[in-house]
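Please examine the sequence and the three-dimensional structure shown below. The paragraphs that follow lead through selected features of each chain.

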Amino acid sequence: MSDAPPPAPAAPAIRLAGLRFAFLVDGRTVPVLGGVDLEVERRSVIALVGPNGCGKSTLLRVIAGLLPAAGGLVEVEGRPVSGPDARVGLVFQEPRLLPWRSALANVAFPLEVAGHERAAREARARDLLGLVGLRDWARTRPGELSGGMRQRLAIARALALQPSVLLLDEPFSALDALTRERFNVELLRLWERIGSTIVLVTHSIPEAVFLADRVVVLSPRPAAVAADVTVDLPRPRRLADLDAAVVSRTAAEIRAQLGGATDDAFAVATGEVGRHDEPDAVIA
Amino acid sequence: MSVARRRVLPPLVAFVGFLATWQAIVWMGDYPAFILPGPLLVAERFVTGWVEGTFWPHLATTLGEIAVGFTAGAAAAMPTGYVLARSRLADRVLSPYLVAAQAVPILALAPLIALWFGTGLLARSIIVALVVFFPVAISVMVAIRGVDRRLLEMARSYRVTRRQRIVLVEIPAALPGIVGGLRIGITLAVVGAIVAEWIGGEQGLGVLINLARGSLFDIPLLFATLTVIALLGIALYGSVLLVERHVAART
């Protein structure tokens with residue numbers, strides 16, 4: 001703790017301690033995050049699940065520095081986050097592309113903002129387009145791309161500044177089930193190549209299990225970590241792994257934890273919680 | 001060929017129909033040329049007016065006033081509209097004055113401006129600028145307010161400066177609305193210039209209308225001047241469209 005030492009290499013990718021956040025609505029504070037404690041190892045994939053409106057998206061925004069924490073600690077690689085942070089790339093639920101820009105110029109947007117030279121940013125944007133399989137679409141405007149291509153473009157843009165942490169807020173929720181499965185496999189391949197830490201919010205428990213090393217279950221608002229389930233599935237993973245016994249066993253465990261989170265004793269007792277409270281959970 | 005014909009033919013037919021109806025009214029009512037000249041007579045006066053060099057100096061004067069007034073009015077209106085869109089305080093403080101200023105007819109304001117600034121280029125450009133200001137400011141305000149907040153949040157996540165946010169996100173996103181305001185502004189600029197010229201001065205298409213109606217008593221010339229004004233409006237509107245297309249292609 002002396003004069004600004006370089007962050008210890010041992011520092012986790014993300015460390016949240018007692019993290020609180022509240023919205024002001026008509027002069028009243030509505031607590032959203034009620035003391036979240038979480039450590040995310042470097043190069044791991046964490047899935048956040050929880051009841052609707054529990055504050056998952058808010059949590060991502062606080063980690064990305066878009067919303068200021070009301071209390072507690074947010075650290076990325078050992079250094080605190082204060083304001084929007086280049087070490088964190090955030091992919092929103094919608095692609096949020098600039099419709100008047102080409103695919104290439106959209107991916108180059110963060111580089112342009114950061115003041116990179118035109119030639120350098122175009123070369124880098126071209127590489128990123130290749131990384132997400134859109135090399136041939138550089139000149140195309142987002143309006144002419146499919147929903148899946150647009151979301152891939154958004155991921156490429158989030159990677160432009162080489163963030164060590166990539167946050168994904170239900171990135172594939174607008175896609176059909178088949179495309180979504182394919183995208184999950186692509187995401188894992190991408191993750192293996194870029195080697196960054198990924199935190200993703202999802203409503204699909206099978207998706208969470210398939211992608212993540214750990215599935216973190218959040219409680220209803222004000223959110224806290226209700227359970228932290230380790231997924232014991234070796235990598236690299238394939239779609240066929242979705243049928244493995246360990247996947248359904250882990251998914252069942254998460255559903256049970258979600259049941260606890262919804263505080264519905266009867267549902268927990270009958271084991272019906274997952275199906276009733278998480279209709280999205282049947283996807284994939 | 002057939003596409004071109006389909007695009008050109010209907011407006012051409014409508015125009016010929018308009019001229020024919022006009023001429024028919026003149027013939028049936030047997031109106032003298034100093035009440036309602038027919039289109040043929042007006043066309044003839046239009047041609048002689050150009051050949052004799054009657055129109056050119058007046059047109060140049062009017063065009064100059066529009067250029068100066070429109071540029072100044074639009075240049076002042078755009079930042080104003082932006083501030084109105086982004087500052088609730090500015091909106092509350094300034095909006096009543098803007099609306100009140102707009103409610104006062106420019107025709108009533110023009111003599112006052114002539115009293116303060118004379119009847120030269122300055123006074124006339126001020127009147128044009130005043131007329132252009134309101135619609136441009138309001139459309140910029142509405143267009144900036146309409147920019148998708150989610151895009152602004154995305155930009156913020158990449159740490160845009162205020163200048164970058166305005167130049168890279170807000171202006172391109174608001175461009176269609178801004179240009180819509182400029183289109184209204186340019187047509188009103190023509191009206192403003194003619195009104196400004198009515199209050200006095202030596203030259204300008206508005207002055208020519210007064211001359212044709214008054215000392216010259218040349219009603220066909222009056223109609224020919226109106227035709228010049230109408231064509232000027234169409235040409236200016238068209239050039240705004242051209243600029244719009246050019247800018248849209250570049251962003």
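What percentage of the 251 residues in chain B is made up of buried residues? The share is 34%, where a residue is buried if 20 or more other C-beta atoms lie within 10 Å of its own, exposed if 12 or fewer, and partly exposed in between, with C-beta atoms placed from the backbone. This is a predicted model, in which local features need pLDDT of at least 70 and side-chain atom pairs count only at pLDDT 80 or more, while totals for chains, interfaces and linings use all residues. Residues are numbered from 1 along each chain as its sequence is written, and chains are lettered from A and ligands numbered from 1 in the order in which they are written.

Chain B contains ten helices and zero strands; helices (H or I, at least four residues) and strands (E, at least two) are DSSP runs, numbered from the N terminus. Its C-alpha trace spans about 70 × 55 × 30 Å along the principal axes. Among the contacts in chain B with a separation of 6 or more, 77% join residues 24 or more positions apart, two residues being in contact if their C-beta atoms, placed from the backbone, lie within 7 Å. In the loop between helix 9 (205-213) and helix 10 (219-250) of chain B lies Phe217(B). Phe217(B) is not a glycine, yet its phi is positive, at about 45°. Because Phe217(B) has 11 C-beta neighbours inside 10 Å, it counts as exposed.

Chain A includes an open sheet of four strands in the order 2-1-4-5, with antiparallel pairing; two strands pair if DSSP finds at least two bridges between them. Strand 2 (28-40) and strand 5 (79-80) of chain A each have a single partner strand, so one side of each is left without a neighbour in the sheet. Strand 4 (residues 71-76) of chain A is joined to strand 5 of chain A by two bridges, and Glu75(A) stands opposite Pro80(A).

Two further places in chain A concern the backbone. Most residues other than glycine have a negative phi, and most peptide bonds are trans. The bond joining Arg221(A) and Pro222(A) is cis, with omega about -10°, and Pro222(A) lies in the loop between strand 9 (214-218) and strand 10 (225-230) of chain A. Glu170(A) has a positive phi near 40°. With 21 C-beta neighbours inside 10 Å, Glu170(A) counts as buried.
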